[in-house]
Amino acid sequence: MENCLFCKIAEGSIPSNKVYEDDRFLVFHDIEPAAPTHVLIIPKKHIATMNDVEQEDAALLGDLHLVAKEAAKKLGVAESGYRLINNCRPDSGQAVYHIHYHLLGGTKLGALVQHSSSHA
């Protein structure tokens with residue numbers, strides 16, 4: 001996709017601080033980290049959101065999880081723990097419409113959402 005930020009990063013026309021790269025995936029440091037360890041894991045194939053995943057993408061997404069596991073090891077957070085997050089569409093906070101996972105770690109992470117008194 002010609003206007004996709006992550007496609008441009010994957011093709012190398014926009015620089016990134018890479019952790020891992022092969023012919024199908026790229027892992028790079030987030031420019032606005034939310035934790036001491038915060039990288040983005042993307043397939044090089046453009047898929048806009050999780051809602052756009054097709055059956056033919058099943059193996060790709062399975063392999064993406066294996067890449068995440070290896071990235072966590074390489075970054076030194078596999079044993080202490082890490083979080084994988086995929087945001088889908090506006091209410092989740094998806095900012096770049098190219099499927100990606102955030103891998104966060106390096107500290108004790110808090111709750112994903114705040115609990116309200118009605119859910120106590």
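This is a predicted model: local features need pLDDT of at least 70, side-chain atom pairs count only at pLDDT 80 or more; totals for chains, interfaces and linings use all residues.

Me: How many helices and strands does the protein have?

Reply: Helices (H or I, at least four residues) and strands (E, at least two) are DSSP runs, numbered from the N terminus. Here there are two helices and five strands, and their order along the sequence is α-β-β-β-α-β-β.

Me: Why does the radius of gyration agree with a compact globule?

Reply: The radius is taken over C-alpha atoms, and the globule rule is 2.2 Å times the number of residues to the power 0.38. For 120 residues the rule gives a value near 14 Å, and the protein has 15 Å, so the two agree. Along the principal axes, the C-alpha trace spans about 45 × 30 × 25 Å.

Me: What share of the residues is buried?

Reply: Buried means under 20% relative accessible area, exposed over 50%, and partly exposed in between (1.4 Å probe, protein chains only). In this protein, 34% of the 120 residues are buried. For the surface itself, areas come from the Shrake-Rupley method with a 1.4 Å probe, and for residues only the protein chains shown count as cover. The accessible surface comes to about 7,500 Å², with 51% belonging to carbon and sulfur atoms.

Me: How many positive and negative side chains are there?

Reply: Lys and Arg count as positive and Asp and Glu as negative, with His and the chain ends not counted. Each charge is placed at NZ of Lys, CZ of Arg, CG of Asp or CD of Glu. The protein has 11 positive and 15 negative side chains, and the centres of the two sets lie 6 Å apart.

Me: Where is Thr37, and is Thr37 buried or exposed?

Reply: Thr37 belongs to strand S3 (residues 37-43). With 12% relative accessibility, Thr37 counts as buried. Not counting residues up to four places away in sequence, Thr37 touches Leu75, Val77, Leu103, Leu104, Gly105 and Gly106.

Me: Which residues does Ile85 touch?

Reply: Ile85 is in strand S4. Leaving out residues up to four places away in sequence, Ile85 touches His100, Tyr101, His102, Leu104 and Leu112. The relative accessible area of Ile85 is 24%, so Ile85 is partly exposed.

Me: How many disulfides does the model contain?

Reply: A disulfide is a covalent bond between the sulfur atoms of two cysteines. The test used is a pair of cysteine sulfur atoms within 2.5 Å, and the count comes to zero. The sulfur of Cys4 is 3.7 Å from the closest cysteine sulfur, in Cys7, which is too far for a bond. For Cys88 the closest cysteine sulfur is in Cys4, 15 Å away, again too far. Cys4 is buried at 7% relative accessibility, whereas Cys88 is partly exposed at 24%.

Me: What is the phi of Arg89?

Reply: Most residues other than glycine have a negative phi. Arg89 has a positive value, near 80°. Arg89 lies in the loop between strand S4 (82-85) and strand S5 (101-105), and is partly exposed at 41% relative accessibility. Asn87 is in the loop between S4 and S5 too. Setting aside neighbours within four places in sequence, Asn87 is in contact with Ser92, Gly93, Gln94 and His102.

Definitions and conventions:
Residues are numbered from 1 along each chain as its sequence is written. Side-chain values use heavy atoms; hydrogens and water are left out. Contact means heavy atoms within 4.5 Å.
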